[in-house]
Every structure is written in C-alpha cells, then in structure tokens.
Amino acid sequence: MSSNSPSANASRGRRAGYSGTRETVLNAAKKRFAHDGYTATSIRKVAADAGVDPALVMQFYKSKDGLFAASLALSEDCLGHIAAAFDGPADRMGETLTYNFLRLWEEGADAEPLMATLRGAASNEVAAAQLREFVQARLLSVIGPKLGEGVGNAQRAGIVVSMLMGLVLSRSMVQIPLVAGISREELARSVGPSIQAVLRGR
C-alpha cells in the first residue's frame, strides 16, 4: 500500500490526534489533582476540563488510579533541584535551603505535580506510600550524605524536610493568610536560623 494512500494518511492523523488528546487529558488531570486532591477528583471532572468524553479518559488511563500515577511524572531536573536545595555555603544553608525548597514547591513546572502528590498522599494510601518511599530514599541516598556520613545526618535532614513541609502545607494547601502572605525571602530569614540549628545538630 502506498504511503500516500487515504488509509495511511488517516492512520497517521489518528496517531497525532490520539497523542495530542492524551497530553491534553494528562495536563488537565495534573491541574485537577493539584487543586482538588485525589478523593475529590473524578474522571468526569478531568474529562470536562479536557473537553473530552469520560470514556476516552478511561481508554487512555484505565482508572483514576492510573491517571493519578501518570500525573505524578516530574521533570527530569526535579530530583536534582530537591537535592541541590541542600547545597550552598554552610553558614547560610538554613536560609538558602528554606528559600529554595519553598520555591520548588510554589513555582515552576514541578509545582503542580508536587502538590498533586502531597494532596493525594493525604487521602490515598497508595499515594502516601509513593511519597513516603520517595522521601526516605532521597534522605538516605542523596540528601543525608550532603551533611555527612551516618543515619543521624539523614535523620536531621528528614526533620528539616518535615519542618519545611509544614510551611508548604500552611502556605499552599491550608493557605493560612498570615503565613501565605509572607514572601519567601522573609520566611527564609525568619526560619533559616532554626533550620540551620537542626542541620548542625544543635
């Protein structure tokens, strides 16, 4: 069959449309999960956001769990950015870490999928397990060693991450006005010394 035949051209057209529509659905899901969390998001809502039939969403991703899993895809640079937040001058690491950690969660291409993961973890054990395993592995293999050898350094890094996640929750999920209204720069100056003390084990 000629490559210019109507059936060949139609086939190519279907593949392009299929790929584009799938991407549209995935983008809509990322925004919906980040905004509503796992429980409140439905296939029907995502389909409406994407302007497609719910059956097509099911054809692409099989279930809401499948759609949620696909929405967790982070950029190739995200893991490096998380680890790099612990870099910088030792005497100012607390302030630098606070600013860079909050920026990672609040702006840029990875902010929405990170928030979707966090919201999902609060309402879905599968999502919680994914986030738990992810954080534990990064603490032991990447972040902890930046502070030195031994499990104690990974534990201190874990405490710091927990403290900073409290800020993320207060600012981006609960949106407490007194906290959400503070600039990242001001928060870094205020919270940085406490973070610094934990990092140094004091």
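This is a predicted model: local features need pLDDT of at least 70, side-chain atom pairs count only at pLDDT 80 or more; totals for chains, interfaces and linings use all residues.
**Entry 1: α6 and α7**
I looked up how α6 packs against helix α7 (residues 111-123), and found an angle of about 90° with the axes 6 Å apart. The two helices are therefore roughly perpendicular to each other. Which residues meet here? From α6 I noted Leu104, Trp105 and Glu106, and from α7 Ala111, Leu114, Met115 and Leu118. Sorted by class, this contact has six nonpolar residues, one charged and no polar.

**Entry 2: α6 and α11**
Next I followed α6 (residues 93-106) to helix α11 (residues 184-199). Their axes come within 6 Å and cross at roughly 125°. That makes α6 oblique to α11. I also wrote down that the crossing is right-handed. Among the contact residues are Met93, Leu97 and Leu102 of α6, with Leu187, Val191 and Ile195 of α11. The classes here are nine nonpolar, four polar and six charged.

**Entry 3: the length of α9**
How far apart are the end C-alpha atoms of helix α9 (residues 151-173)? I found 31 Å, which agrees with the 33 Å that its 23 residues should span at 1.5 Å a residue. Just after α9, I spotted glutamine 175 with a positive phi of about 60°.

**Entry 4: residues 42-61**
UniProt, in an unreviewed entry, places a "DNA-binding region" at residues 42-61. In the model I found this span to be 80% helix and 0% strand, with its end C-alpha atoms 13 Å apart.

Terms used:
Residues are numbered from 1 along each chain as its sequence is written. Side-chain values use heavy atoms; hydrogens and water are left out. Axes are lines fitted to C-alpha atoms, for helices over the stretch in contact, and angles run from 0 to 180 degrees between N-to-C directions. Helices (H or I, at least four residues) and strands (E, at least two) are DSSP runs, numbered from the N terminus. Angles under 35 degrees count as roughly parallel, over 145 as roughly antiparallel, 65 to 115 as roughly perpendicular and the rest as oblique. A crossing is left-handed if the near helix is turned anticlockwise from the far one by less than a right angle, and right-handed if clockwise. Contact means heavy atoms within 4.5 Å. Ala, Val, Leu, Ile, Met, Phe, Trp, Tyr, Cys and Pro count as nonpolar, Asp, Glu, Lys and Arg as charged, and the others, Gly among them, as polar. The expected span of a helix is 1.5 Å times one less than its number of residues. UniProt positions are given in the numbering used here, feature names are shortened, and annotations may be inferred rather than shown by experiment.
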